[in-house]
Amino acid sequence: MDARLARAVRLREEGRREEARTLLLDLRDRCPDNVRVAYQTAWVHDTLGLEAEAVPHYVAAVARPGLSEEDRRGALLGLGSTYRTLGRHPEAVATLSAAVEEFPDDQALRTFLSMALYNVGRAHDGMRLLLTVLAETSADPGVVGYRAAIEYYARDLDAVEGDAGQA
């Protein structure tokens with residue numbers, strides 16, 4: 001099984017996604033409880049633009065232990081992002097929020113969560129999160145130079161100094 005899974009991953013990485021998909025679906029039939037196979041099957045469906053078909057495989061992949069930390073992060077991001085792509089925004093927020101709780105330093109998860117928050121009408125929360133990610137991770141000299149201000153406004157986007165907001 002491990003050799004067939006490794007071959008399927010290689011096929012996907014080589015751009016031979018349909019071949020990988022066929023092999024992975026066969027592996028899923030043979031090993032329905034294997035979370036690594038489920039994750040790779042989800043991933044190949046995603047790369048083929050078959051997001052709706054990827055969801056049950058992602059769900060199976062994250063439902064039980066067995067993925068490496070890196071693969072678990074990838075599966076949670078893939079599931080949350082796929083929910084968002086499919087317009088299943090509340091599920092995207094729930095999945096990505098739980099993922100950020102599990103992996104609080106993962107900036108990709110936080111970025112995708114910010115987009116999902118926007119999609120459910122929580123633009124303020126999404127903007128705050130995205131500004132925080134930007135301030136924490138950017139090496140751009142312009143951003144670095146204004147890091148303190150960006151962090152300040154991330155905490156309070158509606159802050160107005162002095163009487164300027166009362167005019």
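Me: In this predicted model, helix α3 (residues 35-47) and helix α4 (residues 51-63) pack at an angle of about 160°, with their axes 8 Å apart. Why are α3 and α4 called roughly antiparallel?

Reply: Angles over 145 degrees count as roughly antiparallel, those under 35 as roughly parallel, those from 65 to 115 as roughly perpendicular, and the rest as oblique. The angle between α3 and α4 is about 160°, and the pair is therefore roughly antiparallel. The angle runs from 0 to 180 degrees between N-to-C directions, and each axis is a line fitted to C-alpha atoms, for helices over the stretch in contact. The helices themselves are DSSP runs (H or I, at least four residues; strands are E, at least two), numbered from the N terminus.

This is a predicted model, in which local features need pLDDT of at least 70 and side-chain atom pairs count only at pLDDT 80 or more, while totals for chains, interfaces and linings use all residues. Residues are numbered from 1 along each chain as its sequence is written, and side-chain values use heavy atoms, with hydrogens and water left out.

Me: What is the handedness of the crossing of α3 and α4, and which residues meet there?

Reply: The crossing is left-handed, a term used if the near helix is turned anticlockwise from the far one by less than a right angle (right-handed if clockwise). Val35, Ala38, Tyr39, Thr41, Ala42, Trp43, His45 and Asp46 of α3 meet Glu51, Glu53, Ala54, His57, Tyr58, Ala60 and Ala61 of α4, contact being heavy atoms within 4.5 Å. These residues divide into nine nonpolar, three polar and three charged. In this division Ala, Val, Leu, Ile, Met, Phe, Trp, Tyr, Cys and Pro count as nonpolar, Asp, Glu, Lys and Arg as charged, and the others, Gly among them, as polar.

Me: How do you know whether Ala42 and His57 are buried or exposed?

Reply: Buried means under 20% relative accessible area, exposed over 50%, and partly exposed in between, with a 1.4 Å probe and protein chains only. Ala42, in helix α3, has a value of 0% and is buried. His57, in helix α4, has 12% and is buried as well. Leaving aside neighbours within four places in sequence, Ala42 is in contact with Ala54, His57 and Tyr58.

Me: What makes α1 and α3 roughly parallel?

Reply: Helix α1 (residues 2-13) and α3 pack at an angle of about 20°, with their axes 11 Å apart, and they are therefore roughly parallel to each other. The contact joins Asp2, Leu5, Val9 and Arg12 of α1 to Arg36, Val37, Gln40, Trp43, Val44 and Thr47 of α3. By class, it has five nonpolar, two polar and three charged residues. The crossing of α1 past α3 is left-handed.

Me: Why is Val37 called buried, and which residues does Val37 touch?

Reply: Val37 is buried, with a relative accessible area of 0%. Not counting residues up to four places away in sequence, Val37 touches Met1, Leu5, Leu24, Leu27 and Arg28. Val37 and Asp26 are eleven residues apart in sequence and 9.9 Å apart in space, C-alpha to C-alpha.

Me: How do you know that α6 and α7 are roughly antiparallel?

Reply: The axes of helix α6 (residues 89-102) and helix α7 (residues 107-119) come within 9 Å and cross at roughly 150°, and the pair is therefore roughly antiparallel. This crossing is left-handed. The contact of α6 with α7 has ten nonpolar, three polar and one charged residues.

Me: What makes a set of residues a nonpolar core, and which members of the largest one touch the most others?

Reply: A nonpolar core is a set of buried Ala, Val, Leu, Ile, Met, Phe, Trp, Tyr and Cys residues joined through side-chain atoms within 4.5 Å. The largest has 27 residues, of which Tyr39, Tyr58, Leu67, Ala75, Leu79, Leu109 and Leu113 touch the most other members. Two or more residues come from each of α3, α4, α5 (69-85), α6 and α7, and the largest share, six residues, comes from α4. A second, separate core of nine residues includes Ala20, Leu27, Val37 and Val44. Leaving aside neighbours within four places in sequence, Leu113 is in contact with Val93, Leu96, Ser97, Val100 and Leu129.
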